[in-house]
Amino acid sequence: MLIAAALAAPLLASCAEEAAPLPETISCTTQYRPDAESSAGWQSPELIIPLNSQETIDFEVMSLQVSYAGEQPDGNAVAVVITDAKKNVLNSTLYQHDGTGEQLGTQWAGGTSFTGLHYTNHEGALLQVMCSAETSYPTSANW
């Protein structure tokens, strides 16, 4: 019985750990090139997405929409969706986290070799997107 109590104590302590507050905003940097093979005419707007909202930016042949939802029935998530002019989905990425400080301090899919930079090519154009969350404590996460 003493062994069972010793094994259960760390589990109970981790269950009692309080979730860290979610970042107030997500920041997404972009680079859009009308001609993927050239830097002529490129644009590099930044999107700032407050918690529980979404932002959209339209380029010549693509649109970028980023949604940041917290405390929803299915959890906390950042959705990055790139569509063509007819709203057909070209690229879609969903990141979910549990709101703990440790999770916000990690890089998401693929561990440390994952940069978080996504490339979408369409009709000769190129859109690059990388989103991150800044927290009130000294860690940040690439989404």
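Cys28 and Cys131 are both buried; buried means under 20% relative accessible area, exposed means over 50%, and partly exposed lies in between (1.4 Å probe, protein chains only). The structure is a predicted model, in which local features need pLDDT of at least 70, side-chain atom pairs count only at pLDDT 80 or more, and totals for chains, interfaces and linings use all residues. Residues are numbered from 1 along each chain as its sequence is written, and side-chain values use heavy atoms, with hydrogens and water left out.

The two cysteines are joined in a disulfide, with an S to S distance of 2.0 Å. A disulfide is defined as a pair of cysteine sulfur atoms within 2.5 Å. By this rule the count is 1. The bond ties together distant parts of the chain: Cys28 sits in strand β1 and Cys131 in strand β8, 103 residues apart. The torsion about the S-S bond is about 110°, so the disulfide is right-handed.

The chain holds 2 helices and 9 strands. Helices (H or I, at least four residues) and strands (E, at least two) are DSSP runs, numbered from the N terminus. Their order along the sequence is α-β-β-β-β-β-β-α-β-β-β. Of the 143 residues, 36% count as buried. The accessible surface comes to about 8500 Å², and carbon and sulfur atoms account for 55% of this surface. Accessible areas come from the Shrake-Rupley method with a 1.4 Å probe; for residues, only the protein chains shown count as cover. Contact means heavy atoms within 4.5 Å. Among contacts between residues at least 6 apart in sequence, 46% join residues at least 24 apart.

In soluble globular proteins, nonpolar side chains tend to be buried together. Here the largest nonpolar core has 21 residues. Such a core is a set of buried Ala, Val, Leu, Ile, Met, Phe, Trp, Tyr and Cys residues joined through side-chain atoms within 4.5 Å. Ile26, Leu64, Val66 and Leu127 have the most contacts inside this core. At least two core residues come from each of β1 (25-33), β2 (46-50), β4 (62-72), β5 (75-84) and β8 (125-134). Strand β8 gives the most, with 5 residues.

The whole structure contains 1 aromatic pair. Tyr32 and Phe59 form this pair, which is stacked, at 4.6 Å centre to centre and 15° between the planes. Rings of Phe, Tyr and Trp (its six-membered ring) pair if their centres lie within 6.5 Å; planes under 30 degrees apart count as stacked, over 60 as edge-to-face and the rest as tilted. Tyr32 is buried at 1% relative accessibility. Phe59 is also buried, at 8%.

Ile57 is part of strand β3 (residues 53-58). Beyond neighbours within four places in sequence, Ile57 contacts Pro45, Leu47, Ser63 and Leu64. Ile57 and Leu47 are 10 residues apart in sequence, and their C-alpha atoms are 8.0 Å apart.

Asn91 lies in strand β6 (residues 89-97). Its relative accessible area is 19%, so Asn91 counts as buried. The side chains of Asn91 and Thr120 make a polar contact of 3.0 Å. A polar contact is a pair of N or O atoms within 3.5 Å; within protein, one must be able to donate a hydrogen and the other to accept it, and residues adjacent in sequence count only if both atoms are side-chain atoms. Leaving aside neighbours within four places in sequence, Asn91 touches Val80, Val81, Ile82, His118, Tyr119 and Thr120.
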